[in-house]
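Student: I would like to learn how to read salt bridges in a protein model. Could you take me through it slowly?

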Amino acid sequence: MGEPLPAWSHGELDIHHVNTGRGDALFFVFPDGTTLLKDASGKTVEQAPFSLPTRPDDSRPPGEWVARYVGRLLPPGAEGIDYALVSHFHGDHMGAIVADSPLTTSGGGYRLSGFTQVAELLPIARFIDRGWPDYDYPAPIRNPTVDNYRRFLDWQVRHRDLQVERFEPGRNDQIRLLRDPAAYPQFELRNLYANGSVWTGVGSETRALFPPIEGLAPDERPTENKLSTAFRISYGRFDYFSGGDLSSIDETIASHPAPWLDVEPPVARASGPVDVMKANHHGSWDANGVPFLATLRPRVIVVTSRADGHPSVNTYRRMTSERIWPGERDIFITNVSPATASTTYGIGSASSTQGHVVVRVERGGARYRVYVLDDDNEDMRVRAVFGPYASR
Ligand SMILES: [Zn+2]
């Protein structure tokens, strides 16, 4: 305890849930050293009521904290990040742009927050998102954050040889080992879902959850959260699920409840049981429903919180209920506010309520540990270690 996190070594799979307090930032180091940054945090104070303080402190914006965190962990020989994946187009995942967001020094004319801020400090070879190249599903996506992101992509494609792709559900070769795939045939990242399209479990086939968008009333249409990209990583017996801000109960309480908006259960069925999952939508009240949890049956849950109510009282009760799925489970929360601590009953049973949460899977995938790191400085000191857990 108190020592820095031991360095990653070849054969290990590291999954870092970085706590900036301002949104999701997940950094993966695959067994051969290939790297993936899924989301880059970046909600700003002005835009986020009930939000949590920036960690370690307010002296830098969240995207810069993420870049520095990642920079300390790049495997030997790596010059930058191999893959960036945008879970969906919200500011707490990609970096919100406001009037005083700083301009890039690259000459590209875009502003810096979240991903664009990370890219200012570390090269990123390839972006994958749910919208490229048209950004028009289910309707044209226009707002300052997405407009800025597209300016960034266009400029980087022309001047930095950036590769950009649309996330394709069903594939297991879109995000893959780039350095030494032959050494780790038991590793796979399977794209499960995005944009209402879910993997069938057969080959790379998908099926559509939503009827044609044109025929739907406004309250029957999916919101941005329900379009989030989801994937499963398998490494030997180990499985991990990450699904952005997917939800079950319709946030809008539609007057005509549309069953297809209950996207979590079919995505969970596409995944099957996992050892570790990132809770959907920061553990909010509308996510991590009963059928979803009953299918995933996680041994470890990581909640990436960024506001009061993360996790909410009802969602925490579901996550701890052995009537939904039997057996032990450990819950790690990156950040719990005083308001959440006093309203989410029973949260004292969580294994951790503050700090970066790192899942480290042993070579071959048979066992894993969970490290909780201090988030009030950049020393990467280990506050507690849990496990080893046996992969199932
Ligand atoms: Zn979010």
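The dialogue below goes through the salt bridges of this structure.

Tutor: This is a predicted model, in which local features need pLDDT of at least 70 and side-chain atom pairs count only at pLDDT 80 or more, while totals for chains, interfaces and linings use all residues. Residues are numbered from 1 along each chain as its sequence is written, and side-chain values use heavy atoms, with hydrogens and water left out.

Student: What is the general idea, and how many salt bridges are there by this rule?

Tutor: Side chains of opposite charge can pair when their charged atoms come close. A salt bridge is counted when a side-chain nitrogen of Lys or Arg lies within 4 Å of a carboxyl oxygen of Asp or Glu, and by this rule the count is 23.

Student: Which parts of the chain does the pair D375 and R55 link?

Tutor: In the salt bridge between D375 and R55, the closest N and O atoms are 2.7 Å apart. This pair links distant parts of the chain, 320 residues apart, with D375 in the loop between strand 16 (367-373) and strand 17 (382-390) and R55 in the loop between strand 3 (35-38) and helix 1 (62-73); helices (H or I, at least four residues) and strands (E, at least two) are DSSP runs numbered from the N terminus.

Student: Are D375 and R55 buried or exposed?

Tutor: Both are buried, where buried means under 20% relative accessible area, exposed over 50%, and partly exposed in between, with a 1.4 Å probe and protein chains only.

Student: Why does R60 count as partly exposed?

Tutor: R60 counts as partly exposed because its relative accessibility is 27%, and R60 forms a salt bridge with E64.
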